[in-house]
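User: I would like to learn how to read the features of a structure like this one. Please take them one at a time, with the general idea before the case.

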Amino acid sequence: MSNSSPYLITDATLATMVPGDTAYGLLRNAAIAVQDGRIAWVGQANEVPDHYADWQRQPMQNRLITPGLIDCHTHIVFGGNRAMEFEMRLNGASYEEVARAGGGIVSTVSATREATLEELVEDALPRLDALIAEGATVVEVKSGYGLDQETELNMLRAARRLGKLRPVTVKTTFLGAHATPAEYKGRDDDYIDQICIPALRAAHAEGLVDAVDGFCENIAFAPAQIERVFKVARELGLPVKLHAEQLSHQGGTALAAQYGALSVDHVEYATEDDAKAMAAAGSVAVILPGAFYTIRETQMPPIDHFRAHGVPMALATDCNPGSSPMTSLLLTMNMGCTLFRMTPEEALAGVTHNAARALGLADRGQIAAGMRADLAVWDVETPGELAYRIGFNPLYIRIYEGNQ
């Protein structure tokens, strides 16, 4: 179905994710009018306006329709893999011990530096295809495994190319402040000033950056170092995000909130004061259960504090070669519920409406008039089934910008 031909989806149950009187913003016996890649109208099937009555109809046999899923935190562009670290951790090494022994993020750098742009794209496509196959219509992709200017730019170029090769929106995030490469060991400040910030300026000049991220942690960068990067992002008019409070409490969340961050991600060690600061800043808490699961963490993110203070919660795969080699948003939803006691409704909001907020996308994540016609149609009866099943993909069709 081309987005140049208006049509009417009928005979559907909609999880609109628009706040209202019903959980999930649920509408039964509903219809959606789609024109020029946008949602023109949503409502009960027996209330379709005359203007849309003669449009071609697409009956869905009572299937559930949700907004297209959004993975708002991934690292899917990289070289090599880190299966050996998986074995190390299972033999007793902690994530920090692996990193301090030369593993972790830095161990992926050499393989990524050696890969050509074409190889980075080719290697990432299966990971992207797995997300698309589960209804993803937007995927965020970070740099951060180059840690030199040319490789950081190549990663972002690869991410941009992925968005041209597949019917999916790719949002790119510069993550030069991810780790200090071996050649700058012990000289974190020099790396920030001599490599990270110049690479950010170059990437922005090339039109490769949608947002700027950093890793604020005891094995990465201190808040003062991250702030130098954030100041340049502000100068360039770019929004910021931050990996913070994953393994310890370093104060990154407060810094991110100070800069009006789109999101603060991981946040296992965030405090109630952090939650208050995020709420005041309008920042989304991006919960990443795949990393929590893989590195066998025990400190859970403060879900109750986020609820109490109205902090929107997103969920994402954090797909990466080390701490979260996961390419399933459906499994992410299940993990958010089983590991962190999020509700199925919170989980679905976490990969739709709140994930869109974490990327600054005001026209995605809900089924409402004026929104992009990015939709997922499921062979299930209720929205809760999406988080309930493990290892099962009930996607019937994915609609991207009105196209099936």
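This is a predicted model: local features need pLDDT of at least 70, side-chain atom pairs count only at pLDDT 80 or more; totals for chains, interfaces and linings use all residues.

User: How is the chain divided into domains?

Analyst: There are two, and domain 1 is made of two stretches, 7-67 + 365-399, while domain 2 covers 69-359. The C-alpha centres of domain 1 and domain 2 are 31 Å apart. To their contact, domain 1 gives 25 residues and domain 2 gives 23 residues.

User: Now helix pairs. At what angle do the axes of H4 and H5 cross?

Analyst: A pair is read from the distance of the axes, their angle, the hand of the crossing and the residues that touch. Helix H4 spans residues 117-133 and helix H5 spans residues 149-165; their axes come within 9 Å and cross at roughly 50 degrees. H4 and H5 are therefore oblique to each other. The crossing of H4 with H5 is right-handed.

User: Which residues of H4 and H5 make the contact?

Analyst: From H4 come Leu117, Glu118, Leu120, Val121, Ala124, Leu125 and Leu128, and from H5 come Asn154, Met155, Arg157, Ala158, Arg161, Leu162 and Leu165. Sorted by class, the contact of H4 with H5 holds 10 nonpolar, 1 polar and 3 charged residues.

User: How do H5 and H6 cross?

Analyst: The axes of H5 and H6 come within 9 Å, with a crossing angle of roughly 40 degrees. H5 and H6 are therefore oblique to each other, and H5 passes H6 in a right-handed crossing. On the H5 side the contact is made by Gln149, Leu153 and Leu156, which meet Ile195, Pro198, Ala199, Ala202 and Ala203 of H6. That contact of H5 with H6 has 7 nonpolar residues, 1 polar residue and no charged ones.

User: Are H6 and H7 roughly parallel or roughly antiparallel?

Analyst: Here the angle decides, and anything under 35 degrees counts as roughly parallel. Helix H6 (residues 188-205) and helix H7 (residues 223-236) have axes that come within 10 Å and cross at roughly 20 degrees. That makes H6 roughly parallel to H7. The crossing of H6 and H7 is right-handed.

User: Which residues of H6 and H7 meet?

Analyst: Asp188, Asp189, Ile192, Asp193, Cys196, Ile197, Leu200, Arg201 and His204 belong to H6, and they meet Gln225, Arg228, Val229, Val232, Ala233, Glu235 and Leu236 of H7. By class, the contact of H6 with H7 divides into 8 nonpolar, 2 polar and 6 charged residues.

User: What is the phi of Glu245, and where does Glu245 lie?

Analyst: Glu245 is not a glycine, yet its phi is positive, about 55 degrees. Glu245 sits in the loop between strand E9 (241-244) and H8. Its relative accessible area is 0%, so Glu245 is buried.

User: And what is the phi of Val267?

Analyst: Val267 is not a glycine either, and it has a positive phi of about 55 degrees. Its place is in the loop between strand E10 (263-266) and helix H9 (272-281). Val267 counts as buried because its relative accessibility is 0%.

User: What does Ala257 touch?

Analyst: Ala257 lies in helix H8 (residues 252-258) and counts as buried because its relative accessibility is 11%. Not counting residues up to four places away in sequence, Ala257 touches Ala277, Met278, Ala281 and Ser283.

User: Where does Gly103 lie?

Analyst: Gly103 is in the loop between helix H2 (95-100) and helix H3 (105-114). At 12% relative accessibility, Gly103 counts as buried. Gly103 touches Glu85 and Val98, residues up to four places away in sequence not being counted.

Technical notes. Residues are numbered from 1 along each chain as its sequence is written. Side-chain values use heavy atoms; hydrogens and water are left out. Axes are lines fitted to C-alpha atoms, for helices over the stretch in contact, and angles run from 0 to 180 degrees between N-to-C directions. Helices (H or I, at least four residues) and strands (E, at least two) are DSSP runs, numbered from the N terminus. Angles under 35 degrees count as roughly parallel, over 145 as roughly antiparallel, 65 to 115 as roughly perpendicular and the rest as oblique. A crossing is left-handed if the near helix is turned anticlockwise from the far one by less than a right angle, and right-handed if clockwise. Contact means heavy atoms within 4.5 Å. Ala, Val, Leu, Ile, Met, Phe, Trp, Tyr, Cys and Pro count as nonpolar, Asp, Glu, Lys and Arg as charged, and the others, Gly among them, as polar. Buried means under 20% relative accessible area, exposed over 50%, partly exposed in between (1.4 Å probe, protein chains only). Domain bounds come from an automatic or database domain assignment.
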